[in-house]
Amino acid sequence: ISLARAAAPDTQQPTMPRKAAGQTHVRQRSVSSGAAGKGRPAATRGQAAKRGGRLGAILKKPAVASGRPRNSEGSVSVSKLKGTGGRPAKGKKETSAVASSTAAKCAGKPHKGAKLDEPKLKRIRGRPAKAKKALSTVATSTTARRPGRPKQGAKLERAEPESAPRRRRSKQGASQEETEQESVRHPLQPGKGIKRKGTEQEDAPKDHCAHKHVKLRGGVIPSAAFRLPEGTGIGATRWIQRAPTVKVDARSVGGCLQTAARLARLCYMHAEKGATLEEVRIFKRSIIQEAGPFHGKPVGPPAKATRLARKVKVAKPLELSPLPFAAGEYGVGPAPTAVGVKQLFDLMNARETVAKNREAGLVGASMYEGIPEQYAEYFKRYVCPNVRRRCDRPTRELWRFAAADERFLLCTSDEERFHLKRLLVLNFALWRFVGGTLHFARAVGFLSDWTEREKEWVREVVRKAFHAGQVNQMFSNAYESPNKLRVQLSPKADSAKMQSVLYNTGPKSLVGEPTVTFFTLQGKFAVMDLIWQVSQDVVRAAAPDPLTGKTSWRPATDVLGRIPYFGVSEDGMRVPTFFAKEIIQDLVDTPVFEGGRANVSDLRTFCPAGPGAVLGLCLIFGDVCTRMQRTRQSEAVPMMRAILEAAAGPDGWAHGSAEELELHDIQFQLCELQKFWHRENRFNHLREYLGPRLCSMLEAPIHAEWLDALEEALVLFGDRLGDVVDEQGAIRAAACWLGLDVGEEDGDASCGQGMGRALRHGDGVSFVSRREGSSEPVLLCMKGDLLQAVPESTFPDEAARLRGGAVFIVERLMGDGPVQAQDVVFFRTSLTTHLGPCDEKRVGGLSAPHKCVRYASDRVFRFDVCGATAGPPLGTGIRSGDSVHVCWSGEAGDDRAIEVGAHGRAGCALAPRGTGEGCGQNLTLEIFSQPEKARIHLRHVLREALQSGLLAAGRLLRAEGSGGLRVVSAEAVRRRLVGVRE
């Protein structure tokens with residue numbers, strides 16, 4: 001089909017002949033020269049022959065003026081026609097020219113006999129055109145009733161630009177621009193070139209970094225992808241571990257992988273300007289649409305038989321880096337901004353105040369007294385570790401369980417001491433890199449070697465934890481590595497997923513790094529193999545200097561930095577990173593470093609920066625860091641040293657001398673600063689502060705060898721316990737070492753079911769309503785973020801109540817102690833938020849929305865005895881089984897109570913206190929007894945193990961005279977504790 005071209009601007013365009021009176025309407029077609037179709041008008045055939053196959057020039061549109069047009073002739077609006085030389089362009093949509101209408105009495109009105117048609121293309125030059133659906137066009141009048149107003153029902157078409165280049169056709173019939181377009185080969189179809197239409201398209205400059213960061217991915221679904229650049233601005237989006245990936249699928253551009261790469265580079269340039277993730281995705285969709293449809297053969301995933309026939313590539317085994325360590329001490333970087341320094345140390349000072357309040361015995365809302373409101377609100381809602389990592393609860397629990405100093409005192413030779421130091425490196429690395437919790441360390445135990453036997457034991461522990469529903473307690477969500485296993489072993493995991501995690505085999509096995517290392521135990525064991533291999537080098541690197549007697553933690557960190565994922569390469573040198581720093585920090589306070597932390601000389605001059613600390617540096621240093629795609633350790637460490645030197649300034653550290661701070665403290669809090677800065681970012685998944693934790697039977701430790709634990713506790717802490725150790729002393733020593741709460745022996749009889757027990761701060765309670773005339777009691781629970789009432793039979797036991805959100809933790813405003821009548825309390829729900837009245841959109845109900853302020857003044861309650869108008873006397877304790885009113889006082893002083901059935905059977909609301917029967921405000925308080933049951937259970941199993949050791953097993957005995965407990969095979973237990981294999 002030939003393309004209708006406009007005549008030159010200075011040339012008068014010819015007009016189509018008018019139709020004589022009574023002449024029927026004739027539809028015109030464009031034909032090639034010398035190939036005019038039969039039955040076509042002579043005028044059309046003559047024009048085609050005269051103009052070389054091109055249709056007559058478009059009639060010049062008459063000028064539109066107010067009133068009647070210049071002439072009465074109707075003219076033709078011809079749509080854009082594509083192709084040249086009289087042939088239809090391959091793969092293009094065809095259009096038909098519409099004949100002109102006759103002169104109308106009214107200007108701008110088409111002829112009554114005008115018809116719209118979509119003719120099919122016939123054979124031209126002996127070749128059939130492709131069966132494509134033709135575009136229909138609407139005949140419109142060139143004159144309008146009003147200037148600038150189109151005819152009703154007319155479709156507007158985009159005009160071709162006047163400067164559009166003229167297209168020429170090659171001998172094969174394709175346009176010259178198409179023949180010049182580079183043919184792109186798809187990796188799944190070698191040898192088949194895929195051509196794209198159009199002219200040269202926009203791309204990133206050749207020297208732009210987008211060519212480096214955009215990676216081509218093959219496989220079943222080829223694509224081009226990149227990760228969003230980090231630190232592109234002070235207010236840029238903060239990503240927890242790794243920036244999200246933006247991917248351009250090759251299928252969206254017809255299988256052309258090079259086109260996908262070009263569009264991905266444009267997206268990278270857009271992201272580099274500071275665009276957010278959503279803005280980059282919108283931009284990606286727009287440029288994919290502008291790229292136009294693809295008319296080649298679609299390329300998709302290969303057939304199933306092809307996929308099954310492919311051989312799985314064996315991943316290359318992990319190896320130690322052969323690069324040398326970076327030498328020389330890091331200097332002090334540029335001075336940070338005063339605003340950034342003040343923000344960091346304000347956060348650190350506020351967090352240290354909370355730590356000191358807790359040490360003073362304050363709990364609940366009283367812990368946050370004396371700190372700015374913005375930090376108090378943040379600390380109440382989110383988890384924020386201590387300024388000093390060594391003071392955090394997980395770190396202290398792992399140190400206590402390792403009992404490194406006690407084990408070291410049991411060694412009798414240098415060989416045993418050296419071997420124990422290697423075992424400390426191994427066990428701390430295993431506990432941190434794989435599990436990250438005391439629950440995991442307690443279940444695995446202190447390993448004495450690293451062979452296939454120990455690996456299979458760790459797999460068995462993980463398997464038991466999965467079937468017991470303790471995956472969340474076993475794996476920490478504070479580290480990326482354990483959290484990956486936590487996600488993999490979700491309750492929806494099946495046997496194939498378990499096989500993939502434990503052995504990386506089966507239908508769900510994974511291939512390639514870092515997927516295998518982060519998502520499977522088999523991959524983590526490969527890293528642990530390297531750690532065990534270099535453990536002796538770590539011990540030697542931690543030895544004190546022969547001249548000064550001081551130790552240094554940088555050489556030991558450098559050794560671990562040789563392991564994949566524990567270090568990176570910079571300028572041909574190997575430098576350690578986050579996980580190497582974490583493990584060595586655990587070892588600094590163990591006998592691996594002689595003299596402990598006080599003897600380490602470079603605590604204020606060296607510390608690797610983690611990914612969170614790097615983003616914190618971007619906030620403090622501003623433009624100095626925002627230009628860096630990946631901040632190097634050689635740049636980050638000097639910047640942290642500059643911040644540490646600023647700690648002695650007026651806006652610096654306010655709790656003692658700044659000389660007591662270490663460089664790791666700055667690194668630790670830089671990560672918390674960027675979390676605080678981006679706390680409103682929905683991509684910044686911060687950990688919610690849970691408040692007082694409820695111990696349940698579901699969290700009972702996986703520890704079958706209780707007798708071994710008693711023996712080891714007696715040998716480890718024998719000197720501390722004294723010569724006379726009774727049964728209760730041995731049980732308490734083992735429980736303290738394992739981090740278990742066994743409570744007091746006196747509470748066994750009275751606290752079995754929790755009835756009659758006094759309510760204390762941190763206890764869990766349930767509320768039951770037994771209204772007169774009701775067929776079944778109802779239980780208050782959280783449905784979403786709303787408080788509702790459900791039948792008590794919905795939750796048959798306490799474990800079901802805990803899972804279903806029917807247990808509320810009572811937090812006393814005045815801190816720890818028994819809850820008295822009229823005491824101000826808060827109710828923490830299963831959502832970790834506090835219960836309170838609904839907002840203005842849901843007036844009358846009670847809710848605990850995620851964004852509510854913790855310990856807010858409008859979320860306080862108190863207990864009153866039922867039937868008392870003036871309230872019970874102060875000092876009356878609340879006990880399990882009491883019938884109470886849960887009262888709330890508003891700002892206006894109105895006294896209201898929680899009422900069940902206010903909005904139907906399932907509704908709960910705050911209503912004025914009533915004294916009539918059946919008002920729905922009498923609630924029976926039941927204390928959650930699961931924690932006490934867990935304590936009783938732990939005491940029971942330890943007592944049974946002790947009796948078994950005294951009687952059946954014969955591994956324990958009572959000393960003559962004193963009656964204290966003794967271990968029969970003390971030497972065997974000693975060798976087990978120091979890791980000497982039999």
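Asp586 counts as buried, at 1% relative accessibility; buried means under 20% relative accessible area, exposed over 50%, and partly exposed in between (1.4 Å probe, protein chains only). Salt bridges that share partners join Asp586 with Arg389, Arg432, Lys581 and Glu582 into one network; a salt bridge is a side-chain nitrogen of Lys or Arg within 4 Å of a carboxyl oxygen of Asp or Glu.

The model is predicted: local features need pLDDT of at least 70, side-chain atom pairs count only at pLDDT 80 or more, and totals for chains, interfaces and linings use all residues. Residues are numbered from 1 along each chain as its sequence is written, and side-chain values use heavy atoms, with hydrogens and water left out.

**Salt bridges**

- A search of the whole structure finds 47 salt bridges.
- One of them joins the side chains of Arg432 and Asp586, at 2.7 Å from N to O.
- This pair links distant parts of the chain, 154 residues apart, with Arg432 in helix H11 and Asp586 in helix H20 (residues 578-587); helices (H or I, at least four residues) and strands (E, at least two) are DSSP runs, numbered from the N terminus.
- Arg432 is buried, with a relative accessible area of 3%.
- Asp665 and Arg390 also meet through their side chains in a salt bridge, at 3.9 Å from N to O.
- That pair links distant parts of the chain, 275 residues apart: Asp665 is in helix H24 (residues 663-677), and Arg390 is in the loop between helix H8 (373-381) and helix H9 (393-402).
- Asp665 is buried, with a relative accessible area of 1%.
- Within helix H11 (residues 414-435), Asp414 and Arg417 are three residues apart, so about one helical turn separates them.
- The side chains of Asp414 and Arg417 form a salt bridge of 2.9 Å, N to O.
- Asp414 is exposed, with a relative accessible area of 61%, whereas Arg417 is partly exposed, at 27%.

**Two residues of helix H18**

- Lys524 lies in helix H18 (residues 521-541).
- Lys524 is buried yet has no salt bridge, and the nearest side chain of opposite charge, Glu480, is 9.2 Å away; Lys and Arg count as positive and Asp and Glu as negative, while His and the chain ends are not counted.
- Not counting residues up to four places away in sequence, Lys524 touches Phe433, Val434, Ser481, Leu485, Thr517 and Phe518; contact means heavy atoms within 4.5 Å.
- Val527 is also found in helix H18, and Val527 is buried, with a relative accessible area of 0%.
- Among the residues that Val527 touches, not counting those up to four places away in sequence, are Leu318, Phe433, Ile563 and Tyr565.
- The C-alpha atoms of Val527 and Ile563 are separated by 7.3 Å, although these residues are 36 apart along the chain.

**Helix packing**

- In helix H15 (residues 480-488), the residues Glu480, Ser481, Pro482, Leu485, Arg486 and Gln488 are buried.
- The buried residues of H15 pack against H11, helix H14 (471-474), H16, H17, H18 and H20.
- The axes of helix H13 (residues 452-467) and H16 come within 10 Å and cross at roughly 150°; axes are lines fitted to C-alpha atoms, for helices over the stretch in contact, and angles run from 0 to 180 degrees between N-to-C directions.
- H13 and H16 are therefore roughly antiparallel to each other; angles under 35 degrees count as roughly parallel, over 145 as roughly antiparallel, 65 to 115 as roughly perpendicular and the rest as oblique.
- Glu456, Arg459, Val462, Arg463 and Phe466 in H13 meet Met498, Leu502 and Tyr503 in H16.

**Backbone features in loops**

- The peptide bond from Glu513 to Pro514 is cis, with omega near 5°.
- Pro514 is found in the loop between helix H16 (495-503) and helix H17 (515-519).
- Tyr565 is a residue other than glycine with a positive phi, near 75°.
- Tyr565 is in the loop between helix H19 (553-560) and strand E6 (567-570), and is partly exposed, with a relative accessible area of 28%.
- Tyr855, which is not a glycine, has a positive phi of about 55°.
- Tyr855 lies in the loop between strand E14 (846-847) and strand E15 (862-865), and counts as buried at 8% relative accessibility.
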